[in-house]
Amino acid sequence: MNKKKEILILGFALFSMFFGAGNLLFPPSVGVAVGQDWFKAGLGFFLTGIGLPLLGILAFTKVGSLNEFADKVSNRFNTIYSTTLILVIGPLFAIPRTGSTTFEMGVLPLFPNSNPTTIAVLTSVVFFGITLFLVLNESSITDILGKFLTPIILLILSLITILGITGDLGTPVQSTISGNPLSYGFISGYQTMDALASVLFGVIIISGLEGKGITDKNEQKLFLSNAGFIAAIGLGFIYLSLIYLGAQISSIKGLTTAQTTLTLAQLTLGNIGKIAFGICVAAACLTTSVGLVALASDWFSKLTKISYKKMAIGMCLFSTVLSVAGLDYIISLSIPVLVILYPVTIVLILLNIFGIKNHLTFKAVVSITLIVSLAETFKIDLSFIPLAQAGFPWIIPSLIAFIGSIFIRSEKKIDLKNRV
């Protein structure tokens with residue numbers, strides 16, 4: 001086996017797994033919001049958009065399956081957590097978001113003078129009708145589209161970046177956010193949902209490595225860490241470029257999330273480039289939608305005993321309705337859920353990476369993180385907690401729970417030895 005070649009292939013595979021419409025939508029909006037503070041916000045976005053997803057995949061060299069990811073808290077919690085995870089990256093937010101993105105970036109620019117509501121409904125019906133057909137017929141067209149679309153979008157992005165940097169898009173203005181740019185970028189990175197998806201991608205990657213005979217945990221880490229570095233370079237280029245370019249047009253007010261990216265495409269490539277870019281992104285959304293509907297339908301059909309076909313139909317119908325509400329509305333709905341789910345996912349990833357076996361530690365850390373995240377979501381005043389003002393009220397309580405659980409376990413061991 002040629003290790004360098006396999007690592008390179010795995011790196012490109014990781015990149016393509018994480019690369020989606022969300023990776024294009026949110027970085028420019030962050031740049032517009034923070035303006036002159038784009039670099040600080042970019043660092044925060046990097047942590048959640050690149051760092052956490054890679055750590056999530058590495059965590060699976062320790063556990064090996066989704067059923068073991070959070071089972072040290074309890075089997076019931078693991079089921080609830082996994083189900084919530086799939087709901088969030090499935091029918092509640094990520095799947096409807098693909099339909100809304102398709103409408104706003106791929107269809108609406110083609111019919112600027114038409115009734116937006118009518119076009120949105122028609123787009124949603126057609127989009128999820130095609131999704132359902134491909135899911136039920138297990139067509140390979142999405143794989144074919146994905147292989148061609150990713151290079152095309154990257155080429156267009158490269159052109160936008162080069163023309164944007166060498167041209168004169170504008171000058172960054174002062175930030176419009178009230179908080180810390182670093183924490184703003186960090187929390188904005190939640191919207192990519194890549195760290196949540198990495199928990200599922202980990203299963204696929206580890207299974208693929210084992211299928212090639214790579215079963216040693218240390219060797220799996222070597223492959224994943226090197227491949228992760230390759231994927232990180234690609235994602236980092238996209239994020240940094242788009243956040244920077246978004247900052248250049250921060251003087252333009254009132255842009256929606258989708259309009260920000262399209263505005264960059266139009267300013268650099270003209271109307272034809274904007275439309276071509278929108279169509280590519282819309283097609284990429286279709287491949288994402290098919291994959292997520294298939295994954296979620298499989299999970300819930302096993303959980304509920306409802307047939308895979310009925311589950312897929314139900315998800316597509318639900319997503320059709322929700323996607324018409326619009327991209328920014330779906331994003332606003334997802335923020336409270338992500339504020340709860342992301343910190344819990346972060347501590348689970350870290351506990352698994354460091355190979356913590358103590359069930360008490362898992363229960364203590366996850367419980368405290370969940371309680372603090374819920375309190376933050378329900379607007380309970382947490383300003384007395386260190387780092388709360390920066391947007392991370394859960395970090396210090398989680399560390400205290402971790403240290404406390406280790407201390408309690410050590411005390412129990414000493415007590416047992418004394419009894420013996």
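These are my notebook entries on a predicted model of one chain.

**Ground rules.** I count residues from 1 along each chain as its sequence is written. In this predicted model, local features need pLDDT of at least 70 and side-chain atom pairs count only at pLDDT 80 or more, while totals for chains, interfaces and linings use all residues, and side-chain values use heavy atoms, with hydrogens and water left out.

**Overall form.** I looked up the secondary structure first. The chain has 15 helices and zero strands. Helices (H or I, at least four residues) and strands (E, at least two) are DSSP runs, numbered from the N terminus. Next I checked the extent. The C-alpha trace spans about 80 × 50 × 45 Å along its principal axes. A compact globule of 420 residues would have a radius of gyration near 22 Å, and the chain agrees, with 22 Å. That radius is taken over C-alpha atoms, and the globule rule is 2.2 Å times the number of residues to the power 0.38.

Buried means under 20% relative accessible area, exposed over 50%, and partly exposed in between (1.4 Å probe, protein chains only). Of the contacts with a separation of 6 or more, 81% are between residues 24 or more positions apart. Contact means heavy atoms within 4.5 Å.

**Core.** The largest nonpolar core has 119 residues. Helix 11 gives the largest share of this core, 16 residues. Such a core is a set of buried Ala, Val, Leu, Ile, Met, Phe, Trp, Tyr and Cys residues joined through side-chain atoms within 4.5 Å. Phe69, Tyr81 and Leu348 are among those with the most contacts inside the core. I followed Phe69 further. Beyond its neighbours within four places in sequence, Phe69 contacts residues including Tyr81, Val199, Leu348 and Phe362.

**Helices 1 and 2.** Helix 2 is largely enclosed by the rest of the structure, because 13 of its 14 residues are buried. Gly35 follows helix 2, with a positive phi near 55 degrees. In helix 1 I picked out Gly11. Gly11 is buried, with a relative accessible area of 0%. Leaving aside neighbours within four places in sequence, Gly11 is in contact with Ala227, Ile230 and Ala231.

**Largest pocket.** How much space lies in the largest pocket? I note about 1,400 Å³. A pocket is an open set of points on a 1 Å grid over the protein atoms alone, where a 1.4 Å probe fits, with protein on both sides within 12 Å along at least five of seven lines; lining residues have an atom within 4 Å of a point. Grid points are joined across faces, edges and corners, and the volume is the space filled by probe spheres set on the points. The pocket has 50 lining residues, and Ser16, Met17, Phe201, Thr287 and Thr288 lie nearest its centre. The lining divides into 30 nonpolar, 15 polar and five charged residues. Here Ala, Val, Leu, Ile, Met, Phe, Trp, Tyr, Cys and Pro count as nonpolar, Asp, Glu, Lys and Arg as charged, and the others, Gly among them, as polar.

**Second largest pocket.** This one holds about 1,100 Å³. It is lined by 43 residues, and Ser183, Tyr184, Ile187, Ser188 and Ile335 are the closest to its centre. Which helix gives the most to this lining? Helix 13 does, with eight residues.
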